[in-house]
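Here is a report on backbone geometry, helix packing and strand pairing. Please keep the sequence and the 3D view open while reading.

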Amino acid sequence: MPTFPSRDIPAELAALWDLALDLRWTWSHEADALWQAVDAAAWAGTQNPWEILQDVPAARLRELAADRAFVDHLQQIAAARRSYLDGSSCFASTHGATAVAGVAFFSMEFGLSEALHLYAGGLGVLAGDFLKTASDLGVPVVGIGLLYQEGYFRQMIDAAGWQQEAYPYNEPAAMPIQRVSEDGARLHISLELPGRTLLLRVWRASIGRVALYLLDSNDPLNSPVDRGITGKLYGGGSEMRLLQEIVLGIGGWRAVERLQPEIEVCHLNEGHGAFVVIERARALSRHSGLSFSEALWATRAGNVFTTHTSVPAGFDRYSPELIAKYAPCLAGDLQEAGIAPTDLLALGRLDPADENELINMTYLALRSSRFTFAVSRLHGHVSRRIFQVLFPRWPEHQVPVEHVTNGVHAPSWDSRQADRIWTAACGKDRWRRMPNDLRGFIEALPDEALWALRGEARQEVVGRVRSRLRQHLTWRGHSPEIVAQAESVLDPNILTFGFARRFTGYKRPNLLLWDTARLGRLLNDDRHPAQLVIAGKAHPDDDEGKSMIREWIAFAQRPEFRRRVVFLEDYDISLAQELVQGVDVWINTPRRPWEACGTSGMKILVNGGLNLSELDGWWEEAYAADLGWAIGGKAGHGEADQDKLDAEELYATLERQVVTEFYDRDATGIPRAWLARVRRSMAVLTPAYSSTRMVQEYLTRAYLPAAQALRERLANAAEAAKKMALWEQRVRHAWPSLHVGAPSVAQVDDSWSFTVPVYLGEMAAGDVRVEIYSDPRQGDMPEIVELARGGAIAGAVNSYVYAGRAPASRPTEDFTVRILPYYPGVHVPTELALILWQE
């Protein structure tokens, strides 16, 4: 896509535009010195090349154009960028450039940089890391999101310690994005809303090889209310939320059709974009002449869904009345074929026949996607339990939800010091391939190098905390004497804990305050002192979360803890980067199993930080005794008792293990046991919980098979999809006529020989699969054996004896006969959840 500068610039400096507009600068720091040379003060204050380039005086640009050393440096950086964009990629070399034509990643939020503040928390930061990694690996991904006029709130703490919210305006001209044009005119996507047409502007952000398209309703031709649809992220009531999701899903797919029609895979990052599955099928129906059912059978093969929620209350749900109000947009031309919006969205109801039931966006996404993933192993177990209601009579472990544990984009979170060590050990391009070969390099690092890394990082984070605190105190109007006290908080030579996340009840951010006297003794110990940096926001409507913030601020303001505890306001990506790069131990205390993944602790791994966490989310699968510390090993009776047990375990772990090991030094002043743990954590966990591994998993387990299945279903005028739709109608109609007779069992050698009469009724024999099934035992897989169809049953119509053998290692009463629908290429139970058990 061509770049259109908004101001004149000397020809010698033309490459600055592309560098400033490519958000690769958020993780590739090769051009940092270049931008510092343009305007050192602006670079120090913003770290945003686009802002610098917009504001630098023309006279300064002329000076730089005449500076041969600067121009030569610029050309070197521009050449390095071209090499990155045009060079071979891990994706192409491993799978072939045409293995997947394209993936559209739909997300309500994207956290890439403070220069593009379009995120609220972990969901958005994960989406941002995903796009950066897709660029590094060369996976053909485009992001689809919304351009918010205000985005999520910025946090301020008032004099009483209470969180206040501010919503600064996101000025598009100040953001590293450009309007998308088509045929020389600025592109608009239109949606039919009740009584009017909504016009959506489209913007493009460049993230290396990846494009992020952002839809924006703030067009002068829209009504004032409609211009506010993309106002606040997660703002407004239910109707505004529905409109945002209509814009993301329906408007987003229309943008894909206009800009990237080759896209084969839609990846829904949470259920917010679920309307895309409807629009995608509807568009195919309109273009190809397929019925909506046939089109859905075709397109579902190319849909992938990731759920991030651990409680059903977190799912978006809308009333049938509200859905009906937006029928022109949701159903459109399908209404002419007699398909009502409520029928269209039946996949979003627990009971598709209940027209009074709320439409659940997560149900809609899951039922309309070929693959559904949770974001950690434990979250997979939780999600299968939650979604079992959609698959009645199916065993919980066969509910079709797998997991791909989240990962983080290491180059976005590593410090300068850590990057230097990793580059020396593993090379500059280490995260642009599968990082399986990094372990040996890191394990060979000497203790002295690791301890120097940690010392420099701790010193830097202390300096940054002091600077931020000084700034916050100044903004709050404190006296110069109070502001000056910021220079004496924290000590760069003592054990430093970090705790930063959303403040809400289930995350238990105040578990450390359970016994403030004990915490105080830990922090102010004369021989083994510790210090704590805290940050985090509460939702604007969460008074409990705000109260917890106020508790921490009150604790930090006590004179005896002023130098040991700091609460920093307005937790964002920049602050997170500073903390994860410098703290020694990251503390996480969620109430198990409510933490879906919790990626904040992953971000410290690359920097040699260690984790102390509840055995929840990613830490449940990552923890080992030599990698960090865990709490949550004792089961309580109710939440209050569990909190008490976990708090006691947290204090004991800090006192007897963490602090003791950190200060256990040899004659040279080096904590050998501590550094052995650091080295092990860096070597084992950093590659395992990088987004490189995550994206590769999605590619091999979802995108490649989804693209292949989509191609097969669309081939020959969608012949396979048409047959699948007919098969579904046939099976649903005939299913009630099935029944199973009493099986006979005999032991043959070391096997059980089963024979069972099956009365197929109106069902064709080829449309079912008959099995004997046994539930998994502790640590085992289920025993599933397909039975072969034998001879017909005399005197019965369409009835046969099925037979097969199962291992005699289990008693016969463990086994049950069941019948499943079957058709080649159909994913049961995702695409048809019928099942019949022997009574």
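## Helix α12 against helix α29

In this predicted model, helices α12 and α29 are oblique to each other, because their axes cross at roughly 125 degrees. Those axes come within 8 Å. α12 covers residues 292-300, and α29 covers residues 691-734. The crossing of α12 past α29 is right-handed.

On the α12 side, the contact uses Ser293, Glu294, Trp297, Ala298 and Thr299. On the α29 side, it uses Leu710, Arg713, Leu714, Ala721, Lys722, Met724, Ala725, Trp727 and Glu728. Sorted by class, the contact of α12 with α29 has eight nonpolar, two polar and four charged residues.

Alanine 718 has a positive phi, near 60 degrees, although it is not glycine. Most residues other than glycine have a negative phi. Is alanine 718 buried or exposed? Its relative accessibility is 3%, so alanine 718 counts as buried, the cut-off being under 20%.

## Helix α21 against helix α28

Helix α21 (residues 447-475) packs on helix α28 (residues 672-688) at an angle of about 85 degrees. Their axes lie 10 Å apart. The angle falls between 65 and 115 degrees, so α21 is roughly perpendicular to α28.

α21 brings Asp447, Glu448, Leu450, Trp451 and Leu453 to the contact. These meet Arg672, Leu675, Val678, Arg679 and Met682 of α28. The residues in this contact of α21 with α28 divide into six nonpolar, no polar and four charged.

## Helix α23 against helix α27

Helix α23 spans residues 516-523, and helix α27 spans residues 639-662. Their axes come within 11 Å and cross at roughly 15 degrees. That angle is under 35 degrees, so α23 and α27 are roughly parallel to each other. The crossing of α23 and α27 is left-handed.

Which residues make the contact of α23 with α27? From α23 come Thr516, Arg518, Leu519 and Leu522. From α27 come Glu648, Tyr651, Ala652, Leu654, Glu655, Arg656 and Val659. By class, the contact of α23 with α27 has six nonpolar, one polar and four charged residues.

Glutamine 244 belongs to helix α10 (residues 238-259). Its relative accessibility is 0%, so glutamine 244 counts as buried. Beyond its neighbours within four places in sequence, glutamine 244 is in contact with Met108, Leu146, Tyr148, Ile229, Lys232 and Tyr234.

## Strand pairing

Arginine 769 stands opposite leucine 820 of β32.

Strand β31 (residues 799-807) is joined to β27 by nine bridges, again antiparallel. Valine 758 has tyrosine 800 of β31 as its bridge partner. β31 also pairs with β30 (residues 788-792), in the antiparallel sense, over three bridges. There, alanine 788 has alanine 803 of β31 as its bridge partner. The hairpin of β30 and β31 has six residues between the strands. In that hairpin, glycine 795 takes a positive phi near 80 degrees.

## Loop geometry

Aspartate 749 sits in the loop between β26 (744-748) and β27 (751-759). Its phi is near 55 degrees, a positive value in a residue other than glycine. Is aspartate 749 buried or exposed? Its relative accessible area is 69%, so aspartate 749 is exposed, the cut-off being over 50%.

Most peptide bonds are trans. Where are the cis bonds described here? One joins arginine 592 and proline 593, with omega about 0 degrees. Proline 593 is in the loop between β22 (585-588) and β23 (610-614). Another runs from valine 828 to proline 829, with omega near 10 degrees. Proline 829 is in the loop between β32 (816-821) and β33 (836-837).

Key:
Residues are numbered from 1 along each chain as its sequence is written. This is a predicted model: local features need pLDDT of at least 70, side-chain atom pairs count only at pLDDT 80 or more; totals for chains, interfaces and linings use all residues. Side-chain values use heavy atoms; hydrogens and water are left out. Helices (H or I, at least four residues) and strands (E, at least two) are DSSP runs, numbered from the N terminus. Buried means under 20% relative accessible area, exposed over 50%, partly exposed in between (1.4 Å probe, protein chains only). Axes are lines fitted to C-alpha atoms, for helices over the stretch in contact, and angles run from 0 to 180 degrees between N-to-C directions. Angles under 35 degrees count as roughly parallel, over 145 as roughly antiparallel, 65 to 115 as roughly perpendicular and the rest as oblique. Contact means heavy atoms within 4.5 Å. Ala, Val, Leu, Ile, Met, Phe, Trp, Tyr, Cys and Pro count as nonpolar, Asp, Glu, Lys and Arg as charged, and the others, Gly among them, as polar. Two strands pair if DSSP finds at least two bridges between them. A crossing is left-handed if the near helix is turned anticlockwise from the far one by less than a right angle, and right-handed if clockwise.
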